[in-house]
Structures are given as structure tokens and as C-alpha cells.
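Dear colleague,

Here is the structure for your files. My notes on its cavity and its nonpolar cores follow below.

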Amino acid sequence: MDPFRVLLHSVSADLSSGELTELKFLCQGLVGKRKLERVQRGHELFEVLLEQKDLEAEHTGLLRDLLASLRRHDLLQRLDDFEAGAAAGAAQEEADLHAAFSIICDNVGKDWRRLARHLGVSDAKIDGIEERYPRNLAERVRESLRVWKSSEREKATVAGLVEALRACRMNLVADLVEEEQLARRLQNGSDAVSPVQWDSDAHTSEAP
């Protein structure tokens, strides 16, 4: 389940009926009267706010304001813990993307346009990148990755890059990216290794 929804459900479970009534009152300017009348649980109110985009994992200001109005410092601490974890995860993903970019720039050659197109970079932007870096192939690749990351924002992941590389039959580069990511995870003390990777290790150890 989505970590933010898990947080919202845990907050909902700890709200009293009086606190829920107060939250509904505070949300009168955001949620229609009929919808508020149907809300019987905190998570139902949060679900309405999620649907309206008034509440998002990346924008928790409204939730913070509501909990502060209730003077629920314990729930505010829970929100703080969630945001700290989300920030750490985002920093890790950013570092992983940086490492993947370096590998792709070093190993993707003249076929960089095919990868860029598969990542959704327009032909106009590809032409602009080529004009900007006429003699630097690696920088063309890097700039196309920057354009992709800028457009995808939080949806830009190493997994998405690997998928695009394999779709373009750049399997060797995809393997290098996955190996680097696994090494980074192990270096950071993670023991989470996928079944496919364990399989691969097993086959290697069985080889004569």
C-alpha cells in the first residue's frame, strides 16, 4: 500500500469522533456540504481531499495545518517521521539516478537518439541538444537524460531507465546500471536482493 495512505489510515484510526467533527468543520471551504455529510471516518475525509488534489504526499501542508488545529502533537510527529523518510528515499533515488546517468553517458554511443525518443524526449529537443553539443556525444546523452528527468519529475526512476534501455536493446548498458545499483545498495547495508539476482548468482556458482 502507498506509504502516504498508510500514514493517513493510521492518523484516521487515532482520531476521536469530536476531532473528526472539527476536521470536517475546518474543511468546509474545500469540500462540498453533501460530501462532508457522507464522511463517517477520518480516512474518508482524507480520501476526498486526495481526489481533489488538496492533499498529496509531496504537499502535506494542509494535513499539518489540520493536525495543528487539533493540537495533536503526536500525530504531527508521525507526519514529521513520514516526511523525513520520504526525504531520505528521494535523496537515495537522486544518487542512484546520478550514478545511472554516468554509466549511460559512458556507454551509450551514436544510438542515444533512439533512447531519448523512447524516454519521451521530442525530436525538436533532440535536434536542439545536437546543435548545442555538436562535438560532445556524452554531453548529448546527459542533456537528453536531464530533459527526461525534468519532465518526469518524481516519476523519473532508475527502473524506468533500465526498462527504456532494454526496450532499445541496450541490454549491456542496462546490466551495468543494475549491477551498479545493486553494489550501491549492498554498500549502504541493504540486504534486499531480488530473486532474479540470486538466481543469476546461483547459476554463476554452478558453472565449472
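Predicted model: local features only at pLDDT ≥ 70, side-chain atom pairs only at ≥ 80, totals over all residues.

A cavity here is a set of points, on a 1 Å grid over the protein atoms alone, where a 1.4 Å probe fits but cannot get out; lining residues have an atom within 4 Å of a point.

Residues are numbered from 1 along each chain as its sequence is written, and side-chain values use heavy atoms, with hydrogens and water left out.

The cavity is lined by Asp-96, Ala-99, Ala-100, Val-158, Val-177, Glu-180, Gln-181 and Arg-184. H11 gives the most to this lining, four residues (helices are DSSP runs of H or I, at least four residues, numbered from the N terminus).

The largest nonpolar core has 29 residues, of which Ile-104, Leu-115, Leu-161 and Leu-165 touch the most other members. Such a core is a set of buried (under 20% relative accessible area, 1.4 Å probe, protein chains only) Ala, Val, Leu, Ile, Met, Phe, Trp, Tyr and Cys residues joined through side-chain atoms within 4.5 Å. H6 gives the most to this core, with six residues. Apart from it lies another core of 25 residues, among them Leu-23, Val-31, Val-39 and Leu-67.

Regards

Methods: Buried < 20%, exposed > 50% of the residue type's maximum accessible area, 1.4 Å probe, protein only. Helix = DSSP H or I, 4+ residues; strand = E, 2+ residues; numbered from the N terminus. 1 Å grid on protein atoms, 1.4 Å probe; cavity = no way out; pocket = protein on both sides within 12 Å on 5 of 7 lines; lining within 4 Å.
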